[in-house]
Amino acid sequence: MTMISDLPNDLEAEILSRVPAKSLSRLKTTCKRWYALFREPKFVVKNKKLGRAVRESILLTNHGDVSISWSIHLSRLVVWNPCTGQTRNIKARTSFQTNQTYALGYSTSSSSGHSYKILRCFDYRNDQEVWVPQCEIDELSSDSWRVLDSFPLEYIMFRDGISLKGDTYWVAGHNESGYFMMKFDFTTERFVCLPLPIPIERFVHRFVLSVVRDEKLSVLLIDDSSDSLSYHRSEEMRIWLSNKISEDANKDLSWRSDLVLEVDFDNFNKNFRSFLLDEENKVAILCCGIEFVGKDYTTIIYIIGEDMLKEVYTGTITASRSHSPLVITYVPSLVRI
């Protein structure tokens with residue numbers, strides 16, 4: 001009987017490259033040859049293409065600010081690969097703070113593949129005692145920070161950013177200019193303004209972004225406004241879905257209304273921070289947080305669909321600066337950080 005160890009090394013590597021990354025991570029201590037193979041950049045790239053990794057979900061309830069696989073906690077910035085368990089501390093050019101905006105992404109080139117970077121946005125007080133916005137980029141390959149030359153940060157970025165195809169997206173704007181979607185392109189290192197599904201001129205909506213199948217964006221919108229005459233409050237929750245996001249920067253972004261739900265908001269908590277959409281089954285998972293008076297902070301997860309509103313999880317933790325709950329997804333990878 002032929003064992004896999006009896007096969008030529010190149011054939012063995014070809015077979016292993018088709019095994020999902022999460023399974024390979026469990027096998028890395030099988031032998032020294034496999035341990036070394038799973039760390040080779042060419043093998044990692046091939047495994048990302050052929051390994052057919054199944055998307056995983058994580059619920060984060062006491063995490064600091066998180067964007068897929070990085071976190072800042074107690075003024076320490078850490079990059080984390082949840083598949084391999086590898087972590088890496090990022091050195092600060094100036095002190096890290098939890099009220100700053102961070103995003104993890106990558107640029108792409110035909111010669112070097114993916115180059116991972118961290119974006120950091122914050123305000124600082126200059127010598128004239130004026131608050132000035134600034135953005136910095138840290139390249140993980142060189143572990144060095146540099147200041148971006150120009151960027152449009154006269155807008156406020158809301159909620160946690162989401163990552164798709166190496167770039168990060170936020171809802172941004174203010175009441176004077178209206179609200180839109182802000183994208184940071186990690187290849188060109190530029191911010192790009194994109195349209196939301198419907199014009200939003202005032203902050204009377206609740207909106208959260210999500211990623212669907214690593215190829216589309218989704219926006220969940222709740223209108224918090226009420227009829228000034230009848231005092232009737234809107235009870236409509238609408239989820240919009242974008243066209244497939246390609247690496248062609250010139251391709252226009254378009255939206256379609258994918259799910260419209262009538263919700264009794266008197267019996268449903270609206271303090272949600274994240275959601276996941278099952279496009280095929282027209283079902284969404286909503287992650288909400290309730291802060292009580294005292295020390296406890298409660299996370300509630302709902303499954304919601306056209307004929308369904310079901311509470312499926314409740315958990316309570318001690319409140320901290322970093323207790324806002326998030327449910328996120330990621331594709332397991334052997335990428336070294």
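User: Let's start with Leu11: which helix is Leu11 found in?

Analyst: Keep in mind that this is a predicted model. Leu11 falls within the run of residues 9–16, and that run is helix H1.

User: Is Leu11 buried, exposed or partly exposed?

Analyst: Leu11 has a relative accessible area of 39%. Buried would need under 20% and exposed over 50%. With 39%, Leu11 is therefore partly exposed.

User: On to the rings. Are Trp170 and Phe191 stacked, edge-to-face or tilted?

Analyst: A ring pair is described by the distance of the centres and the angle of the planes. For Trp170 and Phe191, the centres are 6.4 Å apart and the planes are at 40 degrees. Stacked needs under 30 degrees and edge-to-face over 60, so the Trp170 and Phe191 pair is tilted.

User: How many residues apart are Trp170 and Phe191 in the chain?

Analyst: Trp170 belongs to strand E11, while Phe191 belongs to strand E13. The pair links distant parts of the chain, and the separation is 21 residues.

User: Why is strand E22 described as largely enclosed by the rest of the structure?

Analyst: Look at both faces: Leu326, Ile328 and Tyr330 are buried on one side, and Val327 and Thr329 on the other. E22 is largely enclosed because the buried count is five of the five residues.

User: Which residue in E22 stands opposite Ser57?

Analyst: Strand E1 pairs with E22 in the antiparallel sense, over five bridges. Opposite Ser57 stands Thr329.

Conventions
Residues numbered from 1 in each chain as written. Predicted model: local features only at pLDDT ≥ 70, side-chain atom pairs only at ≥ 80, totals over all residues. Heavy atoms only, no water. Phe/Tyr/Trp six-rings, centres within 6.5 Å; stacked < 30°, edge-to-face > 60°. Helix = DSSP H or I, 4+ residues; strand = E, 2+ residues; numbered from the N terminus. Buried < 20%, exposed > 50% of the residue type's maximum accessible area, 1.4 Å probe, protein only. Pairing = 2+ DSSP bridges.
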